[in-house]
Amino acid sequence: MEQSRYRWVIVAAGGTLGCVAIGSMFSLPVLLQPIVRDTGWSVAGVSSAMTIGFLAMACCSMAWGTLSDRWGPRPVVLTGSAVLAVSLFLASQATSLLAFQFIFGVLVGGSIAAIFAPMMATVTGWFDTHRSLAVSLVSAGMGIAPMTMAPLVAWLVSSHDWRTTMQIVALIVAGIMIPVALLVFAVVIVVINNSMR
């Protein structure tokens, strides 16, 4: 399986998933001032949602990693993708700062953790050679997230309010991440079927 030509599809999928997931979190700095103006919440209060998100990523990575070891990365990544999309939509509906901090911080951050560790582990499992390159490419997808999603969010918020913009981001996340997570599952099925022949 390690030498399969499909392994680079898994790398591309991991980079795409990481880019969109991390990019959705990095939409918050772009939306910060519109959120503050619309809600009257403090800048520090809204900004802390991102800090909470990073802490949730750190804490939840262990749980998602354990689930990935037990059930495999596909259901974990698919669940994380779906929860991320729903969490972004729910965050757009928040009526209090505490609710926003919980939804955007804990739920969004926790769901992103379901992408990072499982995809890194999956990619390394597909490679005997070029493993470092493959992991670097997946990491690069996450690294370019602020350069891709942030300008998109800035463009969206120039025409829409922050709630609508966040809802559009939730749709983008669902529209890209769920099909890509299913693609990872489909590639594994194809490889397994080919190896059984």
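Modeller: Let us begin with a definition: helices (H or I, at least four residues) and strands (E, at least two) are DSSP runs, numbered from the N terminus. One example is helix α8 (residues 162-196), where Thr165 is found. Please keep in mind that this is a predicted model, in which local features need pLDDT of at least 70 and side-chain atom pairs count only at pLDDT 80 or more, while totals for chains, interfaces and linings use all residues. Residues are numbered from 1 along each chain as its sequence is written, and side-chain values use heavy atoms, with hydrogens and water left out.

Colleague: How many helices and strands are there in the protein?

Modeller: The protein has eight helices and zero strands. Read from the N terminus, the order of elements is α-α-α-α-α-α-α-α.

Colleague: And what does the radius of gyration tell me about the protein?

Modeller: That radius is taken over C-alpha atoms, and the globule rule to set beside it is 2.2 Å times the number of residues to the power 0.38. Here the radius of gyration is 17 Å, close to the 16 Å that the rule gives for 197 residues, so the protein is as compact as a globular protein of that length. Along its principal axes, the C-alpha trace spans about 60 × 30 × 25 Å.

Colleague: Is Thr165 buried or exposed?

Modeller: The general idea is a set of cut-offs: buried means under 20% relative accessible area, exposed means over 50%, and partly exposed is in between (1.4 Å probe, protein chains only). Thr165 has 0% relative accessibility, so Thr165 counts as buried. Over the protein, 46% of the 197 residues count as buried.

Colleague: Which residues is Thr165 in contact with, leaving aside its neighbours within four places in sequence?

Modeller: Contact means heavy atoms within 4.5 Å. By that rule, Thr165 is in contact with Leu31, Val153, Leu156, Val157 and His160, once neighbours within four places in sequence are left aside. For the protein, take the contacts between residues at least 6 apart in sequence: 82% of them join residues at least 24 apart.

Colleague: Now for pairs of helices. At what angle do α2 and α7 pack?

Modeller: Axes are lines fitted to C-alpha atoms, for helices over the stretch in contact, and angles run from 0 to 180 degrees between N-to-C directions. Helix α2 (residues 27-39) and helix α7 (residues 145-157) pack at about 25°, with their axes 8 Å apart. That makes α2 roughly parallel to α7. As for the cut-offs, angles under 35 degrees count as roughly parallel, over 145 as roughly antiparallel, 65 to 115 as roughly perpendicular and the rest as oblique.

Colleague: What is the handedness of the crossing of α2 and α7?

Modeller: A crossing is left-handed if the near helix is turned anticlockwise from the far one by less than a right angle, and right-handed if clockwise. α2 passes α7 in a right-handed crossing. In this contact, Ser27, Val30, Leu31 and Pro34 of α2 meet Ala150, Val153, Ala154 and Val157 of α7. By class, there are seven nonpolar, one polar and no charged residues. The classes work like this: Ala, Val, Leu, Ile, Met, Phe, Trp, Tyr, Cys and Pro count as nonpolar, Asp, Glu, Lys and Arg as charged, and the others, Gly among them, as polar.

Colleague: How do α1 and α6 cross?

Modeller: The axes of α1 and helix α6 (residues 131-143) come within 6 Å and cross at roughly 25°. These two helices are therefore roughly parallel to each other, and their crossing is right-handed. Among the residues that make the contact are Gly14, Gly15 and Gly18 of α1 and Gly141 of α6. The contact has nine nonpolar, four polar and no charged residues.

Colleague: What does Gly18 touch, not counting residues up to four places away in sequence?

Modeller: Gly18 touches Gly23, Ile115, Gly141 and Met142. With 1% relative accessibility, Gly18 counts as buried.
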